[in-house]
Amino acid sequence: MRVRPSGVRDHPDTRVPRSFRFWTPGCVLARRADHPSPRREPEHPVNTRRPPLLSASGLSVTYGGSVTAVCEVDLEVAEGETLALVGESGCGKSTLGRALLRLEPASAGTITFAGTDISRLSRAGLRLARADMQMVFQDPMGSLNPRRSIGAIIAEPLRQTRGVSVADALRRARELLERVGLSASMADRRPHEFSGGQRQRIGIARALASSPRFIVADEPVSALDVSVQAQVINLLGDLTRQENLTMVFISHDLGVVRHVATRVAVMYLGQIVEIADRDDFFAGPEHPYSEALLSAVPALRGDPSEVVRERIVLRGELPNPAAPPAGCRFNTRCAYATDLCLTETPALREITEGRMVRCHFPASDPDGRAVAAVDRDEDPIEHTAISSPTKEIA
Ligand SMILES: Nc1ncnc2c1ncn2[C@@H]1O[C@H](COP(=O)(O)OP(=O)(O)O)[C@@H](O)[C@H]1O
Ligand code: SF4
Ligand SMILES: [Mg+2]
């Protein structure tokens with residue numbers, strides 16, 4: 001049995017926002033009593049030693065029997081935190097995000113949510129779990145049925161997962177429209193009557209309808225004009241804080257990630273290669289791939305408060321996930337690679353508390369990097385940046 005932190009209110013419905021409680025059906029209260037989730041203020045930085053709300057162990061997703069888009073991922077997401085999943089296009093972020101919600105079938109591994117192994121839940125069990133786990137998609141238009149009113153669209157997951165009446169679900173939908181900065185009177189309109197930013201607000205309202213505890217937001221602002229990106233990001237940030245939501249935030253935009261995340265996980269070719277608290281990550285990435293990602297962001301490079309980093313341009317393309325390199329998967333593009341990296345796969349290991357890196361020669365081991373340079377018979381100074389660019393990372 002999980003010990004509840006002091007100061008937690010005892011009502012089983014403490015996680016449901018106060019303003020939403022009037023409509024909360026009895027079945028929700030019963031489920032909360034089964035595994036009460038105390039409502040509390042999020043801590044920053046998040047204490048990742050708390051029992052995780054969600055954890056994945058050895059999670060793999062394979063497409064067509066050969067493309068391992070996600071490869072043996074171990075990941076823990078603590079309640080109340082926003083974990084950003086970053087990496088260049090094709091590295092497996094979306095597949096991992098969907099697999100965490102069981103929207104994508106896993107080929108191996110387990111997913112535990114709120115103490116329950118959801119990897120093998122029946123359809124009925126999964127439908128109940130989905131009430132607590134929702135997704136915000138990148139393309140708001142593509143994910144909203146054009147023939148339905150937005151009231152009905154927002155109400156739908158609530159009816160499916162919580163079994164509430166049509167009238168209650170629509171009442172909740174109108175309330176959520178106000179909550180995301182739109183008007184309740186818009187509930188009868190169709191998706192095409194809204195701008196891109198408004199449609200993403202509708203997508204967020206729909207994800208919140210069943211009062212989930214956990215949300216995966218997959219590139220939620222990358223399809224929006226720059227001018228409205230900040231508004232939607234701020235809305236998501238406010239909602240996660242107010243509702244104590246736990247979020248996996250998928251993005252290739254490190255400027256946005258620095259704004260919303262409490263922790264950062266970097267993916268490369270289906271694997272997590274680094275996990276760090278946000279501030280530690282931006283102050284000094286450990287993995288050579290993270291170093292390249294960070295050095296490529298002009299906004300960060302131009303920030304006077306930032307450590308000035310030499311631009312590192314990655315050579316080559318992301319390798320084919322159907323035939324990943326032996327040893328370290330990053331060895332074909334890494335400036336520090338030695339013979340060891342060609343043969344021995346580095347484990348994702350904790351180098352300081354809460355900080356994980358999958359590399360034989362992380363940045364905090366300059367002596368190791370110097371030895372690696374000697375192994376390559378090269379001057380280590382020359383290799384703080386790669387000088388034969390063929391491709392810039394996103
Ligand atoms: N439905 C699919 N069928 C086959 N391959 C897929 C499918 N979805 C994604 N992939 C492949 O899986 C890999 C990871 O894709 P994805 O998860 O979309 O990456 P990201 O979100 O980081 O861009 C890519 O090589 C992609 O081509
Ligand atoms: S293990 Fe070797 S190839 Fe892989 S990232 Fe580290 S130094 Fe580069
Ligand atoms: Mg994606």
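## Ground rules

This is a predicted model: local features need pLDDT of at least 70, side-chain atom pairs count only at pLDDT 80 or more, and totals for chains, interfaces and linings use all residues. Residues are numbered from 1 along each chain as its sequence is written, while chains are lettered from A and ligands numbered from 1 in the order in which they are written.

## The overall picture

The protein has 13 helices and 12 strands. These are DSSP runs numbered from the N terminus, with helices being H or I over at least four residues and strands being E over at least two. Of its 394 residues, 44% count as buried. Buried here means that 20 or more other C-beta atoms lie within 10 Å of the residue's own; 12 or fewer makes it exposed, anything in between is partly exposed, and the C-beta atoms are placed from the backbone.

A contact needs two C-beta atoms, placed from the backbone, within 7 Å.

## The open sheet

There's an open sheet of 8 strands, in the order S6-S7-S8-S3-S9-S10-S12-S11, with mixed pairing. Strands count as paired if DSSP finds at least two bridges between them. At the edges sit S6 (133–136) and S11 (349–352), each pairing on one side only. Neighbouring strands are turned by 25 degrees against each other on average, direction ignored. Angles elsewhere run from 0 to 180 degrees between N-to-C directions, and axes are lines fitted to C-alpha atoms, for helices over the stretch in contact.

S10 (271–277) and S12 (355–357) run antiparallel and are joined by 2 bridges; Ile275 stands opposite Met356 in S12. Two helices are worth a look against this sheet. H6 packs on it, touching S6 and S7 (214–218), and its direction makes about 175 degrees with that of S6. H10 (288–295) lies across S3 (82–86), S9 (263–268) and S10, running at about 110 degrees to S9.

## Helix H6 and its surroundings

H6 has 13 residues and reaches 19 Å from its first C-alpha to its last, close to the 18 Å expected at 1.5 Å a residue. That expected span is 1.5 Å times one less than the number of residues. Is this helix buried or exposed? It is largely enclosed by the rest of the structure, because 11 of its 13 residues are buried. Among the buried ones are Arg199, Arg201 and Arg206, along with Ile202, Ile204 and Leu208. The cover over them includes S6, H4, H5 (166–179), S7 and H7 (226–242).

H4 (150–162) packs against H6 (196–208) at an angle of about 35 degrees, with the axes 7 Å apart. H4 brings Ile150, Ile153, Ile154 and Pro157 to the contact, and H6 brings Ile202, Ala205 and Arg206. By class that makes 6 nonpolar, no polar and 1 charged. For these classes, Ala, Val, Leu, Ile, Met, Phe, Trp, Tyr, Cys and Pro are nonpolar, Asp, Glu, Lys and Arg are charged, and the others, Gly among them, are polar.

S1 (52–63) and S2 pair in the antiparallel sense over 8 bridges, with Leu54 partnered by Val77 in S2. The two form a hairpin with 3 residues between them, and Gly64 in the turn has a positive phi of about 60 degrees.

Of the 13 residues around ligand 1, Tyr63, Ala69, Lys93, Ser94 and Thr95 come nearest. S2 (67–78) and H2 (93–100) are the elements that give two or more residues to this shell. A residue is in a shell if its C-beta atom, placed from the backbone, lies within 6 Å of the molecule. H2 supplies the largest share, 3 residues. The shell has 5 nonpolar, 7 polar and 1 charged residues.

## Two single residues

Ala363 is found in the loop between S12 and H13 (366–375). Ala363 is partly exposed, with 18 other C-beta atoms within 10 Å. Ala363 and His287 are 76 residues apart in sequence, yet 6.6 Å apart in space, C-alpha to C-alpha. Leaving aside neighbours within four places in sequence, Ala363 is in contact with Gly284, Pro285, Glu286 and Glu291.

Asp168, found in H5, is also partly exposed, with 17 other C-beta atoms within 10 Å.
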